[in-house]
Amino acid sequence: MEERKKPIFDKRIFWDVNFENLDYDKKYKFVIERVFERGDVPDIRNCRRYYGDDLIREVLLNAKFLSKTTLYLAAAVVDRPIEDFRCYKLRQSNPELHPY
């Protein structure tokens, strides 16, 4: 099987883990969510090249949490409405408390 070239991500995205030991294939959900949450445009492009749009779509649609900004970015990238995302549905079922 052909060995894929590891993408080059900025280390600041993975500031809280050991970057050198991060296995991109075993921890693909973590990597994809983190790149979309904290990465910039070149990081997202590298992620899309490495994982492919189908896997990225699956991971982002099933993510438990994405910030509001990342949710709208992910919706634009995978070309799906935000209502299709699991994190959007979870946010709607657990509304925040009303401030006094």
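This is a predicted model: local features need pLDDT of at least 70, side-chain atom pairs count only at pLDDT 80 or more; totals for chains, interfaces and linings use all residues.
Residues are numbered from 1 along each chain as its sequence is written, and side-chain values use heavy atoms, with hydrogens and water left out.

**Helix H1 against helix H2**

- Helix H1 (residues 28-38) and helix H2 (residues 41-51) have axes that come within 9 Å and cross at roughly 150°; axes are lines fitted to C-alpha atoms, for helices over the stretch in contact, and angles run from 0 to 180 degrees between N-to-C directions.
- H1 and H2 are therefore roughly antiparallel (over 145 degrees; under 35 counts as roughly parallel, 65 to 115 as roughly perpendicular, and the rest as oblique).
- The H1 and H2 crossing is left-handed, a term for a near helix turned anticlockwise from the far one by less than a right angle, with clockwise giving right-handed.
- On the H1 side, Tyr28, Val31, Ile32, Val35 and Phe36 meet Asp43, Ile44, Cys47 and Tyr51 of H2, where contact means heavy atoms within 4.5 Å.
- The contact of H1 with H2 comprises eight nonpolar, no polar and one charged residues (nonpolar: Ala, Val, Leu, Ile, Met, Phe, Trp, Tyr, Cys and Pro; charged: Asp, Glu, Lys and Arg; polar: the others, Gly among them).

**Helix H3 and its partners**

- H2 packs with helix H3 (residues 53-61) at an angle of about 110°, their axes lying 7 Å apart.
- H2 is thus roughly perpendicular to H3.
- Cys47, Arg48 and Tyr51 in H2 meet Asp53, Leu55 and Ile56 in H3, and this contact holds four nonpolar, no polar and two charged residues.
- The axes of H1 and H3 come within 10 Å, crossing at roughly 80°, which makes H1 roughly perpendicular to H3.
- From H1, Tyr28, Lys29, Ile32, Glu33 and Phe36 meet Leu55, Ile56, Val59 and Leu60 of H3; by class, the residues of this contact are seven nonpolar, no polar and two charged.

**Burial in H1**

- Val31, Ile32, Arg34, Val35 and Phe36 are buried in H1 (under 20% relative accessible area; exposed is over 50%, partly exposed in between, with a 1.4 Å probe and protein chains only).
- The buried residues of H1 pack against H2, H3 and H4.

**Individual residues**

- Thr70 is located in helix H4 (residues 68-78) and counts as buried because its relative accessibility is 4%.
- The side chains of Thr70 and Ser67 form a polar contact at 2.9 Å (a pair of N or O atoms within 3.5 Å; within protein, one must be able to donate a hydrogen and the other to accept it, and residues adjacent in sequence count only if both atoms are side-chain atoms).
- Leaving aside residues up to four places away in sequence, Thr70 touches Phe36 and Glu37.
- Val41 is partly exposed, with a relative accessible area of 48%, and its C-alpha atom is separated by 26 Å from that of Arg91, 50 residues apart along the chain.
- Asp79, in the loop between H4 and helix H5 (86-93), has a positive phi of about 55° although it is not a glycine.
- Asp79 counts as exposed because its relative accessibility is 67%.

Conventions
Helices (H or I, at least four residues) and strands (E, at least two) are DSSP runs, numbered from the N terminus.
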